[in-house]
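My entries follow in the order in which I looked things up.

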Amino acid sequence: MKIKVVNRGHQPLPAYATEQSAGMDLRANIDGPIVLHPLERRLIPTGLHIALPEGYEAQVRPRSGLALKHGITVLNAPGTIDADYRGEVGVVLINLSGEDFVVADGERIAQLVVARYEQACLEEVEQLDETVRGEGGYGHTGVK
């Protein structure tokens, strides 16, 4: 699949790191370092604008290395980019650690995963069909 991209930044286009990678790394496109203090969140620009085919979305997901090593994650993970959005792709990062974290220009800050989706048509009914689980909620299937 081809996705049209306008790169208004100075970083290279995202690319898959390996032949079977699901996500492409997004890079910070900033003029200078940004310090994220503990529990601070910031919108980090990428300089990228994309045009997804109809029926597809792009998901902005955290990078596991940043999360494990530094407590940095994508706050609204996964962030969804709709097929009709043409604005700049931004990444909402949050620092969940107890130390400052410096986001450098060009740093790989998130992953972009493209996925097919379908829109659902909700049908209002008076009741739902019965299942073994029924109305059992969070943690219900693991409790005996």
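**Entry: Gly71.** I began with Gly71, which sits in the loop between α1 (64–70) and β6. The model is a predicted one, and I kept that in mind throughout. Is Gly71 buried or exposed? Its relative accessibility is 19%, and because the limit for buried is under 20%, Gly71 counts as buried. I then listed its contacts, leaving aside neighbours within four places in sequence: Leu66, Ile94, Asn95, Leu96 and Ser97. I also took a distance to Arg42, which is 29 residues away along the chain; the two C-alpha atoms are separated by 14 Å.

**Entry: β6 and β8.** From Gly71 I moved on to strand β6. I found that β6 pairs with β8 in the antiparallel sense, over three bridges. Within this pairing, Ile72 stands opposite Asn95 in β8. Asn95 is also among the contacts of Gly71.

**Entry: β4 and β8.** I next asked how many bridges join β4 to β8. There are six, and the two strands run antiparallel. I noted one of the partners: His49 is bridged to Glu88 in β8.

**Entry: the nonpolar core.** I looked up the largest nonpolar core and found that it has 25 residues. Which residues have the most contacts inside it? They are Leu93 and Val103. Elements giving two or more residues to this core are β2 (24–27), β3 (34–36), β4 (41–51), β5 (56–61), β6 (72–74), β8 (88–95), β9 (101–103) and β10 (108–116). As general background, nonpolar side chains in soluble globular proteins tend to be buried together.

I then listed what Leu93 touches, not counting residues up to four places away in sequence. The list includes Leu36, Ile44, Ile72, Val74, Val103 and Ile109. Glu40, Arg41, Arg42 and Thr73 are also on it.

**Entry: pairings of β10.** I checked two partners of β10. Strand β2 runs antiparallel to β10 and is joined to it by four bridges; Leu26 stands opposite Ala110 there. Strand β5 is likewise antiparallel to β10, with six bridges between them, and Ala58 stands opposite Val114.

**Entry: Val114.** I followed Val114, a residue of strand β10. Beyond four places in sequence, Val114 touches Met1, Ile3, Met24, Leu52, Tyr56, Glu57 and Ala58. For Leu96, I recorded a separation from Val114 of 18 residues in sequence and 26 Å in space, C-alpha to C-alpha.

**Entry: Met24.** I turned to Met24, in strand β2. Met24 counts as buried, at 12% relative accessibility. Its contacts, leaving aside neighbours within four places in sequence, are Pro14, Ala15, Tyr16, Ala110, Gln111, Leu112 and Val114. I also noted that Met24 and Val113 are 89 residues apart in sequence and 6.6 Å apart in space, C-alpha to C-alpha.

**Entry: Pro14.** Pro14 is located in the loop between β1 (4–7) and β2. I found it in contact with Met24, Asp25, Leu26 and Leu48, again leaving aside neighbours within four places in sequence. Between Pro14 and His49 there are 35 residues in sequence and 12 Å in space, C-alpha to C-alpha.

**Entry: the largest pocket.** I asked which residues line the largest pocket. The lining consists of Met1, Ile3, Val5, Leu13, Pro14, Tyr16, Met24, Leu48, Ile50, Leu52, Leu112 and Val114. Two or more of the lining residues come from each of β4 and β10. The space in the pocket is about 240 Å³.

**Entry: backbone details.** Finally I looked at two loops. Where is Pro78? It is in the loop between β6 and β7 (79–81), and a cis peptide bond joins Ala77 and Pro78, with omega about -10°. Leu39, in the loop between β3 and β4, has phi near 65°, a positive value in a residue other than glycine. I noted Leu39 as exposed, with a relative accessible area of 60%.

Note on methods:
Residues numbered from 1 in each chain as written. Predicted model: local features only at pLDDT ≥ 70, side-chain atom pairs only at ≥ 80, totals over all residues. Heavy atoms only, no water. Core = buried A, V, L, I, M, F, W, Y, C linked by side-chain atoms within 4.5 Å. Buried < 20%, exposed > 50% of the residue type's maximum accessible area, 1.4 Å probe, protein only. Contact = heavy atoms within 4.5 Å. Pairing = 2+ DSSP bridges. 1 Å grid on protein atoms, 1.4 Å probe; cavity = no way out; pocket = protein on both sides within 12 Å on 5 of 7 lines; lining within 4 Å. Points joined across faces, edges and corners; volume = space filled by probe spheres on them.
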